[in-house]
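Me: I have a structure to look at and would like to talk it through. Could you show it, please?

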Amino acid sequence: MAKFGGRGYGMCILFVVVGAILGGILGQLLSGVEALAGLMPYLVTTYPVFDTSPITVNLYVIRLTIGLAFAPNLMSILGIVAALLLFRRY
């Protein structure tokens, strides 16, 4: 089994996803702080990397629609970096 830092790739991916989500949430929470009003618009602006249009599959019993978009902001990228540092340290 492939290892990264003594643990599997699945745990690393989990850390990255949770770090991105928490970084994005933290950015949205801090966007209302008056002391950071000049800096926060740059940190919470999303930058679309890719966006696929939704695909619909109609199986007559179930209709399934799948689409994927990745548009991180700088706070979520900082969350990813922090998650990777924590993953490697612990």
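Me: Which residues form a nonpolar patch on the surface?
Reply: The patch consists of Tyr 9, Met 11, Ile 13, Leu 14, Val 17, Val 18, Ile 21, Leu 22, Ile 25 and Leu 29, and together they have about 950 Å² of accessible area. Patch residues have over 30% relative accessible area and no salt bridge, and nonpolar side chains (Val, Leu, Ile, Met, Phe, Trp, Tyr) are joined within 5 Å. A salt bridge is a side-chain nitrogen of Lys or Arg within 4 Å of a carboxyl oxygen of Asp or Glu. Accessible areas come from the Shrake-Rupley method with a 1.4 Å probe, and for residues only the protein chains shown count as cover.

Me: What kind of model is this, and how are residues numbered?
Reply: This is a predicted model, in which local features need pLDDT of at least 70, side-chain atom pairs count only at pLDDT 80 or more, and totals for chains, interfaces and linings use all residues. Residues are numbered from 1 along each chain as its sequence is written, and side-chain values use heavy atoms, with hydrogens and water left out.

Me: Back to Leu 29: is it buried or exposed?
Reply: Leu 29 is exposed, because its relative accessible area is 63% and exposed means over 50% (buried is under 20%, partly exposed in between; 1.4 Å probe, protein chains only). Leu 29 lies in helix H1; helices (H or I, at least four residues) are DSSP runs, numbered from the N terminus.

Me: And where is Ile 77?
Reply: Ile 77 is in helix H3 and is partly exposed, with a relative accessible area of 37%. The C-alpha atoms of Ile 77 and Gly 19 are separated by 8.2 Å, although these residues are 58 apart along the chain.

Notes:
Patch = residues over 30% accessible without salt bridge, like charges linked within 9 Å, V, L, I, M, F, W, Y side chains within 5 Å. Helix = DSSP H or I, 4+ residues; strand = E, 2+ residues; numbered from the N terminus.
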